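Here is a short briefing to read alongside the model. Keep the viewer open and follow the topics one by one.

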Amino acid sequence: MMANPRLLLVSNSKLHGEDFFEWCADTLKSFFSKSQVKKILFVPYACRDYDGYVKKVEPALKKQGFEMESIHEKPDPVAAVHESQGIFIGGGNTFLLLKTLYDKKLIEPIHDCVFNKGIPYMGSSAGTNVATRSINTTNDMPICMPPSFEALKLVPFNINPHYIDTDPNSTHMGETREQRIQEFLLEPECSPVLALREGSGLIVDDGKITLFGRKPARFFKKDQTAIEYEPGSDLSFLLNIC
């Protein structure tokens, strides 16, 4: 088994006022180019409009120098994963995404390709959620029910993409994002959670994890005070956190 999977896990594909992948373009290009990827297999299962999703993502990847093919256009999704050079799972609804991955029997093939074949994997938002131990820390509504909340387990912790800091001036009386994560940490056998703000992500490569992007990340663990990590931080300890 490969000890060192290659992962690019970002909080979001698009920032306000920018094009798809503009904020992480250099990182995206170097990540896939290192594995000599020419064509990326796109997984649009986080929404229902596959063709519409492709029309948004394909030009953006082409702009970065990559061809793209969508798994929904393939007659055999499992074979498409095994034949892929690189995989990108986009954002949308995490529950729908995970359910579809289970329905199409793609959990094990993706895990196998990442760990045993060295296929680089990129996830954004929901695609980042499903790369972790479970989807319990997604922000999405459960519009459908996957057979399990257990996900691809490409990393041994959970991620909360699109993390929003508490606004002390807000009149909103509902729970903050931090309170929701703390609720999760009260559950038995919960995983630590890395909260990724907009414009931040993780590079997992050569047995290391590096935080990159424009914003710091916030790390939550049961019975511990949350810790802030700045872009450029070595977060390799997360690989052995559980």
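In which helix do Asp-103 and Lys-99 both lie, and how many residues apart are they? Both belong to helix α4, which covers residues 94–103, and they sit four residues apart, about one turn of the helix. Please keep in mind that this is a predicted model.

- The side chains of Asp-103 and Lys-99 form a salt bridge, with 2.8 Å from N to O.
- Asp-103 is partly exposed, since its relative accessibility of 46% falls between the 20% and 50% cut-offs.
- Lys-99 is partly exposed as well, at a relative accessible area of 27%.

**Salt bridges across the structure**
- Searching the whole structure turns up 14 salt bridges.
- One of the salt bridges joins the side chains of Arg-197 and Glu-228, at 2.8 Å from N to O.
- Arg-197 is in the loop between β7 and β8 (200–205), while Glu-228 is in strand β11 (residues 227–229), so this pair ties together parts that are 31 residues apart in sequence.
- Arg-197 counts as buried, because its relative accessibility of 7% is under 20%.

**Helix α7 and its buried face**
- Helix α7 spans residues 177–185, and its buried residues are Arg-177, Ile-181, Phe-184 and Leu-185.
- Looking down the axis of α7, these buried residues fall within an arc of 100°, so they line one face of the helix.
- That set of buried residues packs against three strands: β6 (158–160), β7 (193–196) and β10 (217–220).

**The largest pocket**
- The largest pocket holds about 260 Å³ of space.
- Among its lining residues are Arg-133, Ser-134, Asn-136, Phe-149, Pro-188 and Cys-190.
- Phe-184, one of the buried residues of α7, is also part of this lining.
- Sorted by class, the lining has five charged, four nonpolar and three polar residues.
- Lys-153 and Glu-150, both in the pocket lining, meet through their side chains in a salt bridge of 3.0 Å, N to O.
- Lys-153 counts as partly exposed at 37% relative accessibility, and Glu-150 counts as partly exposed at 43%.

How values were computed. Residues numbered from 1 in each chain as written. Predicted model: local features only at pLDDT ≥ 70, side-chain atom pairs only at ≥ 80, totals over all residues. Heavy atoms only, no water. 1 Å grid on protein atoms, 1.4 Å probe; cavity = no way out; pocket = protein on both sides within 12 Å on 5 of 7 lines; lining within 4 Å. Points joined across faces, edges and corners; volume = space filled by probe spheres on them. Nonpolar A, V, L, I, M, F, W, Y, C, P; charged D, E, K, R; others polar. Buried < 20%, exposed > 50% of the residue type's maximum accessible area, 1.4 Å probe, protein only. Helix = DSSP H or I, 4+ residues; strand = E, 2+ residues; numbered from the N terminus. Arc of directions from axis to C-beta. Contact = heavy atoms within 4.5 Å. Salt bridge = Lys/Arg side-chain N within 4 Å of Asp/Glu carboxyl O.
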